[in-house]
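Subject: Two-chain model for you

Hi there,

I am passing on the structure we talked about, with the sequence alongside. Could you have a look when you get a moment?

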Amino acid sequence: MKIIITASNEDINQPFNPRFGRADTFLLFDSNSKEWSTLANPASHSSGGAGPQAVEFISHKGVDVVVSGRFGPKAVSALQAAGVKAYTALTGTVSEVLEQYLNGQLKQVG
Amino acid sequence: MKIAIASGKGGTGKTTVATSLARALATAGHNISFLDCDVEAPDAHIFLHPEYNERKDVNLLIPEVDMSRCTGYDRCAEVCQYHAIVHLGGRTLVFPELCHGCGSCTLECPERAISEVLDKIGILEAGNAIYGLSFAHGLLDIGKPFAVPVIRELKRWHASEPSTLSIWDAPPGTSCPVVESVRGADYVILVSEPTPFGLHDLKLAVQLTAELGIPCGVIINRDGVGDSRVSEFCEKTGLPILMRIPLEREIAAGLATGKTLVEIQPRYRQKFIELSTQIESASKLGQRS
């Protein structure tokens with residue numbers, strides 16, 4: 001399973017970025033290989049519609065789950081259409097937020 | 001001739017200047033067409049008392065996808081500059097609040113799966129105001145994000161005869177709605193106030209008019225408050241200071257009861273008439289150079 005945590009840079013020990021569409025970086029964790037990879041968010045500086053644009057991007061990467069702080073209404077509709085599950089976290093580093101998700105502590109959106 | 005009134009900073013007195021200029025010239029027998037282009041918060045009607053006899057909806061054409069024809073080719077999403085249409089999980093989603101109504105997705109769809117439907121975003125109203133002045137304004141519907149199409153439609157709908165003098169009251173700021181309001185004007189009056197905030201936004205507004213290649217001049221409102229940096233900036237950059245309106249209790253009290261400057265202090269009538277003559281010669285000079 002592929003899980004994305006929204007981040008500000010590639011360091012998993014830094015706090016996660018609570019914005020979804022405008023996060024600088026998506027850190028992708030593959031639960032099969034237990035490996036992290038870094039994806040630059042092409043929508044981070046979009047003038048509008050960053051949410052759907054980011055969903056389009058991650059959906060093409062075959063992502064199953066995305067964890068962020070907040071999702072806008074357009075991002076939520078796009079995530080539902082794309083069949084990507086969304087969860088919200090409050091605080092923590094990227095690796096801590098992943099732990100919270102894997103332990104079932106996070107709330108699903110929608 | 002077409003004169004736009006802009007400012008950058010909000011609340012500097014655009015509408016005070018625009019309605020006073022309109023009233024002064026209308027009482028002097030000019031044919032005046034007044035457009036309130038501040039479609040998000042129009043208020044010039046409070047000063048000019050129009051009686052509306054025409055009303056028109058403003059619509060955007062937004063895409064509607066026939067999913068029985070859509071093959072997920074994704075050309076629509078590729079051509080959309082505003083990410084208003086995306087193909088996800090076998091569905092094509094439209095986000096009307098992002099759509100600018102350009103029609104590219106409809107034209108480019110290889111399956112002709114997209115048609116256009118009307119999305120009402122505002123209304124226009126027009127009528128005659130005091131002294132036979134022709135008045136029109138636009139009203140953006142609550143919750144709609146695009147002022148520009150309403151302003152564009154307002155200017156198209158109420159395009160004036162060449163013999164009339166058009167006065168366009170622009171919204172505050174220096175973004176797209178202001179560009180759309182000012183576009184096509186022969187001259188822009190920038191109303192500023194002598195404060196650091198007024199100066200900051202005046203500089204942006206001057207850049208905007210320079211970009212559009214429209215000559216401009218400055219009216220300093222609430223003269224006497226703040227500092228002298230707006231005047232110094234105008235002197236240094238060669239911007240004409242067209243008028244100074246002092247900060248006076250009588251003016252503020254009169255405006256608060258819905259009167260124009262020329263009603264509060266009749267001596268301003270002549271000042272505004274002279275202002276239009278000055279602008280006319282300045283804009284003609286601008287055309288020649």
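Below are some notes on the interface and on the sheet in each chain.

Please keep in mind that this is a predicted model.

**The interface**

I began with the place where the chains meet. Chain A contributes 14 residues to the contact and chain B contributes 12 residues. Together the two chains bury about 1000 Å², and 67% of that lies on carbon and sulfur atoms. On the side of chain A, the residues that lose the most area to chain B are A:Glu56, A:Lys74 and A:Ala81, which together make up 48% of what that side buries.

What about polar links across the interface? The search gave 0 salt bridges between chain A and chain B, and 1 residue pair in polar contact, with both residues at pLDDT 80 or more. On chain A, the elements giving two or more residues to the side that touches chain B are helix H1 (50-60) and helix H2 (73-82). Of the elements there, H1(A) gives the most, with 6 residues. Sorted by class, that side of chain A holds 5 nonpolar, 7 polar and 2 charged residues.

**The sheet in chain A**

Chain A has an open sheet of 6 strands with mixed pairing, in the order E3-E2-E1-E4-E5-E6. Strand E3 (35-40) and strand E6 (107-108) of chain A are at the edges with a single partner strand each, so each has one side without a neighbour in the sheet. Strand E1 (residues 2-7) and strand E4 (residues 65-68) of chain A run parallel and are joined by 3 bridges; here A:Ile3 is opposite A:Val65.

Strand E1 (residues 2-6) of chain B runs parallel to strand E8 (residues 165-169) of chain B, with 4 bridges between them, and B:Ile3 has B:Ile167 as its bridge partner.

Best wishes

Key: Residues numbered from 1 in each chain as written. Chains lettered and ligands numbered in written order. Predicted model: local features only at pLDDT ≥ 70, side-chain atom pairs only at ≥ 80, totals over all residues. Heavy atoms only, no water. Contact = heavy atoms within 4.5 Å. Buried area = accessible area lost by both parts, 1.4 Å probe. Salt bridge = Lys/Arg side-chain N within 4 Å of Asp/Glu carboxyl O. Polar contact = N/O pair within 3.5 Å; in protein donor to acceptor, adjacent residues only side chain to side chain. Nonpolar A, V, L, I, M, F, W, Y, C, P; charged D, E, K, R; others polar. Pairing = 2+ DSSP bridges.
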